[in-house]
Amino acid sequence: MFGQIKWKLGLLLAAVMITGIFMAGCASDDGWVFATDHEYSVRPDGYPGLAELYGFEFDDVVIMDLGITYAALRDGEVPLAMGFATDGRIAAFDLVNLVDDMQFHPVYNCSPNVLASTLDDYPEIEGILNQVVPLLDAETMQSLNATVDIDEKEPADVARDFLLEHGLIGETPPAADKGPVGVGSKEFTEQLLLGQMAVMLLEDNGFNVVDNTGLGGTALAREALENGEIDIYWEYTGTAWMAHLGHEEPLTDPAECYQKVKEEDLANGIVWLDYTEFDNTYTIMMRRADAEELGIVTISDLADAINEGVPAP
Amino acid sequence: MRTLQRNWISWFLLPLILVGMALALIVYVVNNPGGATAGRALTYPNITLYFRQHMMMVLAALCLSIVVGIPAGIMLTRPRLRTLGRVVENVVNVGQTVPSLAILALFFVYLGWGFNTAVFALWLYSILPILRNTYAGLTSIQGNILEAARGMGISPFRVLYRIELPLAMPVIIAGIRTSVVILVGTATLATFIGAGGLGDLIATGISVRRDILVLTGAALSAILAIFLDHVIGQVEAALLSQTERRL
C-alpha cells in the first residue's frame, strides 16, 4: 500500500528537511552575546535604551530565565549578562558590575506596598514594617542575599536572624489576635527575604499572617495585591512606575520616583510605605578576569570595545 | 473528480486561511503595538526569528520522536518483547505526567541553556504519545487477522508491512498529531532556558504586563499548532484513501 504514496511522503520529508536546514542557518552563538531576562530585553530602561544611549549593539541577545544568567556567565557560556546590583552571586562567582557611567539605569528602591483597606483596619502596620526599612542598605542586602544563595541558608532563617540581631522581634511571637493578613512576594531571593521579614514582624505584633511569599513574577504579585488575595508585598519603585503604572519614560532620581509612584498608586488603593536605601537596579556583568584583561571598567569601555571590533572573550 | 476537488480545497483552504490570519495579526500588532515597550519586541525581524526558532524546535523534536517512537513501538509489540512492552507502556504513561517545565529545567541543569537542550527535552516529551499510540495501534489488531495472514504463509516482516502497519496507521498518526500539538505548546516554555521561540513574546509580555505580547505569542503558536495538525491530518487522509482503494 505504501508503494503509490512513497513519493508523496518523500516529498514531504524533503520539504521538512529543507525547511530545517534553512532555519538552522539563523543560529549564531559567537561574539558579544548578552544573556538577559525577558523584562530587560524590551523595557525602555533595559537593553534597548542602554544600547541607544551608549551607542553600541551586542552581536546577539539571548533571553532566558532570570537567575540563570549568572551561572551562564560564570560557566563561560556567554561573555556578558545582566543581573541585579544587590545579588549575592556577583561577588561569589567572581563577576564584576560594569559602572553605569552615563547613569542610564533607573532607580529600583524597594518599599512595602500595603492595601489601603487593610491599612484602614490596622493602621499600626505602617509603623511595624517601617522599622526595618532604614536598616536595608545595598551592602546589607547583598550580604543577606549571599547568605541564602551562596551559603544555602533558608530565607526564613536568614530573615529571623537579621531581625533578632537588630532587636526587632522576640524569640517567639505572641498569640495571634489580629488579622488574617496576607503577605506575598516575588520568587527571587531578595523578595523571599523581604517577604519573610514582613511576615515575622507582623507575627511578632500579634497578627495572624498568611504566608504567600514566593508567588511568582512581578505581574502575579501585583495582581494578587490588586485582587485582595494578599495585603502586602515589597515592590520596587522603578518597576511600579513602568510596569504597573504604564509609564514609558524611566525616572533616575530615587526620591522623585518614590513620590510619583506613591501618589499615583494611592488611586489604585495601594499605599507605599517608606523606601529602602538599597537600589536593586539592573547591572551589566562580566567575568572579573575578562574585564581586567580587556581593561573594561565602565559600560562606555564596553561600548568602545564592541565598536572597535575587539573579539569577545 | 469530486474527491479530487474536495481534496484540493481541504489541502489548501485551511492552510491559506491560517497563513492569512497569522500575517494579518503580525502586520496589525507591528503597526499597533500600543506603546514603545511592546513595540520593541513586536518588530518583523523579531517575530520572524521567534517563529523560526519555534518551528525549528518543534520540527526537530518531532522528526526525532517519529524516527525513534515508531520503531520502538513496533519492536515492543514483537512476540519476544511483548512482556517488556507492557512495562514500557506503563513507564511511558507515568513519564507523561511529569510537567513539561520540570523536564526542561531538569535538562537545563545537565546540558546548559539553549536550543539543543530544548530540543532534547521536547523530544523526550513528545516521543511518549507516538510510542504509546504505535504500541496501542499494533496490539489492538484482532488476532484472527494476523493468524489468517500467517496461515497464508506470509513472512512476519510482510505481515507487519502489509497488514499490521496499515491497520494501525490511523492510531499511529493520531499519536503524531497529539505529539505535534503538545510540542507547539510546550516549546513556548523553552524561552526560560534561553532557546527563544514564541515563548519569548509570551514571557516578556507577562513580565512587563503588555497583554498584546502575550496574545500575539499565544495566537501565533495556536495557529502554528492548528497548521501542523492539519498537514499531518492530510497525510493521514492520503494514506487512508490509498488503503481504501486497495481494499
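Student: In strand E2(A), which residue is the bridge partner of Thr36(A)?

Tutor: This is a predicted model. In it, strand E1, residues 33-36 of chain A, runs parallel to strand E2, residues 60-63 of chain A, and four bridges join the two. The bridge partner of Thr36(A) in E2(A) is Ile63(A).

Student: Which residue of E3(A) is the bridge partner of Phe34(A)?

Tutor: E1(A) also pairs with strand E3, residues 80-84 of chain A, in the parallel sense and over two bridges. In E3(A), the bridge partner of Phe34(A) is Leu80(A).

Student: Which residue of E1(A) points the same way as Val33(A), and are the residues of this strand buried or exposed?

Tutor: In a regular strand the side chains alternate between the two faces of the sheet. In E1(A), Phe34(A) and Thr36(A) point one way, and all four residues named for this strand, on either side, are buried. The residue that points the same way as Val33(A) is Ala35(A).

Student: Is Glu235(A) buried or exposed, and what is its relative accessibility?

Tutor: Glu235(A) belongs to strand E8, residues 232-236 of chain A. Leaving aside neighbours within four places in sequence, its contacts include Asn109(A), Cys110(A), Thr218(A) and Trp272(A). The cut-off for buried is under 20% relative accessible area. Glu235(A) therefore counts as buried, its relative accessibility being 0%.

Student: A polar contact of 2.8 Å joins the side chain of Glu235(A) to that of which residue?

Tutor: Lys186(A) and His244(A) are both among the residues in contact with Glu235(A). The polar contact between the side chains of Glu235(A) and Lys186(A) is 2.7 Å. The polar contact of 2.8 Å is with the side chain of His244(A).

Student: How many residues apart are Glu226(A) and Arg222(A), which both lie in helix H11 of chain A?

Tutor: The side chains of these two residues, Glu226(A) and Arg222(A), meet in a salt bridge of 2.8 Å, N to O. An α-helix has 3.6 residues a turn, so residues three or four places apart point the same way. In H11(A), residues 218-226, the separation of Glu226(A) and Arg222(A) is about one turn of the helix, that is, four residues.

Student: How far apart in sequence are the parts that the pair Glu236(B) and Arg177(B) ties together?

Tutor: Side chains of opposite charge can pair when their charged atoms come close. Glu236(B) and Arg177(B) form a salt bridge, with their closest N and O atoms 3.1 Å apart. Glu236(B) lies in helix H10 of chain B (residues 211-246) and Arg177(B) in helix H8 of chain B (residues 156-186), so the pair ties together parts whose separation in sequence is 59 residues.

Student: How many of the 16 residues of H10(A) are buried?

Tutor: Helix H10 of chain A, residues 189-204, reaches 22 Å from its first C-alpha to its last, close to the 22 Å expected at 1.5 Å a residue. Gly206(A), with a positive phi near 80 degrees, follows H10(A). H10(A) is largely enclosed by the rest of the structure, because the number of its 16 residues that are buried is 13.

Terms used
Residues are numbered from 1 along each chain as its sequence is written. Chains are lettered from A and ligands numbered from 1 in the order in which they are written. This is a predicted model: local features need pLDDT of at least 70, side-chain atom pairs count only at pLDDT 80 or more; totals for chains, interfaces and linings use all residues. Side-chain values use heavy atoms; hydrogens and water are left out. Buried means under 20% relative accessible area, exposed over 50%, partly exposed in between (1.4 Å probe, protein chains only). A polar contact is a pair of N or O atoms within 3.5 Å; within protein, one must be able to donate a hydrogen and the other to accept it, and residues adjacent in sequence count only if both atoms are side-chain atoms. Contact means heavy atoms within 4.5 Å. Two strands pair if DSSP finds at least two bridges between them. A salt bridge is a side-chain nitrogen of Lys or Arg within 4 Å of a carboxyl oxygen of Asp or Glu. The expected span of a helix is 1.5 Å times one less than its number of residues.
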